[in-house]
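Subject: Structure handover

Dear colleague,

I am passing on the structure below, followed by notes on what came out of it. Please read them alongside the coordinates.

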Amino acid sequence: MAHEILIVDDEPDIRALIEGILSDEGYETRQAHNSDTAIAAFRQRRPSLVILDIWLQNSRLDGLGILEALHVEEPQVPVVMISGHGTIETAVQAIQQGAYDFIEKPFKSDRLLLIVARALEAARLQRENSELRLRVGPETELVGGSGPLGQLRSAIEKVAPTGSRVLITGPAGAGKEVAARMIHGRSRRADGPFLVLNCATLNPGRFEEELFGVEAGSDPLAQPRRAGVLERAHGGTLLLDEVADMPLETQGKIVRALQEQGFERIGGGTRVKVDVRVLATTNRDLAAEIAAGRFREDLFYRLAVVPLRVPALRDRREDVPMLARHFMARSTETTGMPPRELSEDALAAMQAYDWPGNVRELRNLIDWLLIMAPGEAKEAIRPDMLPPQVGAAAPAVLKLDRSSEIMTLPLREARELFERQYLEAQLLRFGGNISRTANFVGMERSALHRKLKFLGVQAEDRAGPSGTAGTA
């Protein structure tokens, strides 16, 4: 999406010249000729960058005064100062007050474009760094090779470039926000902001302030305008996380904002026009919420233009080893602690667990193991080192003390017992996929079918990573 640049200069010819240079490079522009029109345009819709003349005739504030007012309201927006009467002292003062750079008139178009590009890139990096500081290393990719995850990735690839609103459902901790970040990262708005409004944790009384912002008071320096997430997400994506927790009154106002792509700040009367793609997530059944009168049906249909569902981790158990190793690498990178190897038996035990907290619970477990698991760093993590609730779900074949049962049996029965438990565990870890299980245990697929039938093991030949089920 094209960046929008506000040009502030009292000379129409200069404004037209700058607009022509920027338009030829694909930038969108707006113009203002004095402080009042400049501040009004800035408040109407936040631009990506401001080009601001220092000396303005018939203006209540000069360029430095405007710079101060804009910087108080939105310091993240870069400002490039221009002047035909500039001095070194003026340039230094402008930089000290927060301007990105200073250009003397007359200027060459190449220099202007270079500084504009650098300022926009610096603003993008600053925005990304700020987000990284607030949210330590957000996950931006869904990890795993299972069939359900492959289908979700395919749907994301299709919907991301369209600009359609998407409602992402799934249980808590399954990765709904990661899916939303993937949609943003593959969209035409990838260079724009990605903001998250957590509806589940926000105080109900602050919803509208956070969404729509607050208008400036009579003295902007004493009571500056505060932009809401809708305004700050202009040109990018806004995620309404756990949208079912949004108050009903606010739901009605967001319906209107989505319909009109505009809103009024709290305490203001000016309509703010924005271009924002809205994504939403929920772990609730919205049909039941609508029937109970807790969620507006018109908001549901505006958000659920394209519905996606993120599967629970128990429905893609074959992804557990890849996820566990991924989180181990992330944890060691952020903590500086040495990594621990996860034994195949420990991974199989983890695949047998139902993960009520889904991917988030798995990540927390890896952090716990890195800190609390017994033994030295070079020692692989075994099933008996897992927390009790995870280890209890492990297949019997992985439990160490089973000799009392096996040693009372004849060899043939003991072997059948072991084979039954072993194959049940392998089927579990590969999500019931016969082909992948056969490949891992080193058997022909048809031979594995016969063995399972002989041992009385019920096996449903589920779909593999490609999403197609095999045939016996």
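Helices (H or I, at least four residues) and strands (E, at least two) are taken as DSSP runs, numbered from the N terminus. This is a predicted model, in which local features need pLDDT of at least 70 and side-chain atom pairs count only at pLDDT 80 or more, whereas totals for chains, interfaces and linings use all residues. Residues are numbered from 1 along each chain as its sequence is written, and side-chain values use heavy atoms, with hydrogens and water left out.

D53 is placed in strand 3 (residues 49–53), and an unreviewed UniProt entry lists D53 under "modified residue: 4-aspartylphosphate"; such annotations may be inferred rather than shown by experiment. D53 counts as buried because its relative accessibility is 3%, buried meaning under 20% relative accessible area with a 1.4 Å probe and protein chains only. Leaving aside residues up to four places away in sequence, D53 touches V8, D9, D10, G63, I82, S83 and K105, a contact being heavy atoms within 4.5 Å.

H234, in the loop between helix 9 and strand 10, is buried at a relative accessible area of 14%, and its side chain reaches the backbone nitrogen of D275 at 3.0 Å.

Notes. Buried means under 20% relative accessible area, exposed over 50%, partly exposed in between (1.4 Å probe, protein chains only). A polar contact is a pair of N or O atoms within 3.5 Å; within protein, one must be able to donate a hydrogen and the other to accept it, and residues adjacent in sequence count only if both atoms are side-chain atoms.
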